[in-house]
Amino acid sequence: MAFALPDLPYGFDALEPAIDTQTMQIHHGKHHQAYVDKANAALKDTPFAEETDPNEVISRLPSVPDQVRGAVRNNAGGHANHALFWSIMAPSGSGGGGAPGGALGDAITQTFNSFDDFKTRFAAAGATRFGSGWAWLVVSGGKLVVGSTPNQDSPLMGEDIAGFAGTPILGLDVWEHAYYLRYQNRRPDYISAWWDVVNWSAVAERYDAAMA
Ligand code: MN3
């Protein structure tokens with residue numbers, strides 16, 4: 001057994017209107033599936049061939065054989081990033097939207113001054129990422145940090161590889177394939193609509209696990 005495409009925890013149309021149905025179908029069924037297939041092909045003859053958790057592989061990229069390391073970085077990275085992305089969203093009003101409470105809510109207020117200031121910082125990280133990549137909220141050294149990575153790099157790959165490190169608890173795909181059908185070039189509009197479908201309970205679970 002190797003990597004497998006996870007089912008979405010909601011229907012393809014569940015994130016409307018923030019993310020349209022056709023984008024979800026293509027993004028999950030074509031893009032994410034391709035990352036899974038290409039990662040499996042790249043890892044086939046390596047010691048990671050039986051690994052089912054992409055986070056285990058991308059956290060140890062220097063141990064991946066040279067000849068396939070680039071393909072694994074892009075495709076196991078893509079698998080890990082998309083699996084996280086689906087899991088931290090939910091339909092607006094049915095788990096999606098609102099504001100974080102509990103320890104995560106407190107930490108966001110302490111770190112960024114307010115939830116609105118956090119959203120401004122995170123949106124800027126996504127809007128200013130040139131080309132394709134991801135915006136992140138991570139836990140690093142017990143602190144919350146906002147940043148971004150190019151392509152399918154993950155903060156789990158470490159600063160030397162991804163340029164930004166930590167345990168991701170919230171991630172936003174800012175590749176054009178994530179928003180172009182509905183928003184065309186208007187990436188900031190996609191980001192501002194996306195807050196309506198962020199599943200803060202799921203993010204808080206990740207926060208608690210990262211802090212434990
Ligand atoms: Mn994507």
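**Exercise 1. The hairpin**

Which residue takes a positive phi in the hairpin of strand 1 and strand 2, and how many residues stand between the strands?

*Solution.* We work throughout with a predicted model. Begin with the two strands themselves: strand 1 covers residues 133–140 and strand 2 covers residues 143–150, and they pair in the antiparallel sense over 8 bridges. As an example of this pairing, take Trp 136, whose bridge partner in strand 2 is Gly 147. Next, look at the turn, where 2 residues lie between the strands and Gly 141 has a positive phi near 60 degrees.

**Exercise 2. The metal site**

Find which residues coordinate the manganese ion, and then explain which parts of the chain His 27 and His 177 tie together.

*Solution.* First, list the donors: the manganese ion is coordinated by His 27, His 82 and His 177, each through NE2, and by Asp 173 through OD, at 1.9 to 2.1 Å.

Is His 177 buried or exposed? Its relative accessible area is 18%, and because buried means under 20%, His 177 counts as buried. His 27 is buried too, with a value of 1%.

Finally, examine the polar contacts of the His 177 side chain, which reaches the side chain of His 27 at 3.0 Å and that of Asp 173 at 3.4 Å. Leaving aside residues up to four places away in sequence, His 177 touches several residues, among them Thr 23, His 31 and Tyr 35.

**Exercise 3. Aromatic pairs**

Describe how the rings of Phe 85 and Trp 86 are arranged, and then do so for Phe 115 and Trp 200.

*Solution.* The count of aromatic pairs comes to 15. In one of them, Phe 85 and Trp 86, the centres are 5.5 Å apart and the planes make an angle of 45 degrees, which is a tilted arrangement. For Phe 115 and Trp 200 the centres are 5.5 Å apart and the planes stand at 80 degrees, so this pair is edge-to-face. Since Phe 115 lies in helix 5 (residues 115–128) and Trp 200 in helix 9 (residues 200–211), the pair ties together parts that are 85 residues apart in sequence. Phe 115 is buried at 18% relative accessible area, and Trp 200 is buried at 5%. Both residues belong to one aromatic cluster, which also includes Phe 112, Phe 118, Phe 122, Trp 194 and Trp 195.

Key: Residues are numbered from 1 along each chain as its sequence is written. This is a predicted model: local features need pLDDT of at least 70, side-chain atom pairs count only at pLDDT 80 or more; totals for chains, interfaces and linings use all residues. Side-chain values use heavy atoms; hydrogens and water are left out. Donors are N, O and S atoms within 2.8 Å of the metal (3.2 Å for Na, K and Ca); water is not among the atoms, so sites may look incomplete. Helices (H or I, at least four residues) and strands (E, at least two) are DSSP runs, numbered from the N terminus. Buried means under 20% relative accessible area, exposed over 50%, partly exposed in between (1.4 Å probe, protein chains only). A polar contact is a pair of N or O atoms within 3.5 Å; within protein, one must be able to donate a hydrogen and the other to accept it, and residues adjacent in sequence count only if both atoms are side-chain atoms. Contact means heavy atoms within 4.5 Å. Two strands pair if DSSP finds at least two bridges between them. Rings of Phe, Tyr and Trp (its six-membered ring) pair if their centres lie within 6.5 Å; planes under 30 degrees apart count as stacked, over 60 as edge-to-face and the rest as tilted.
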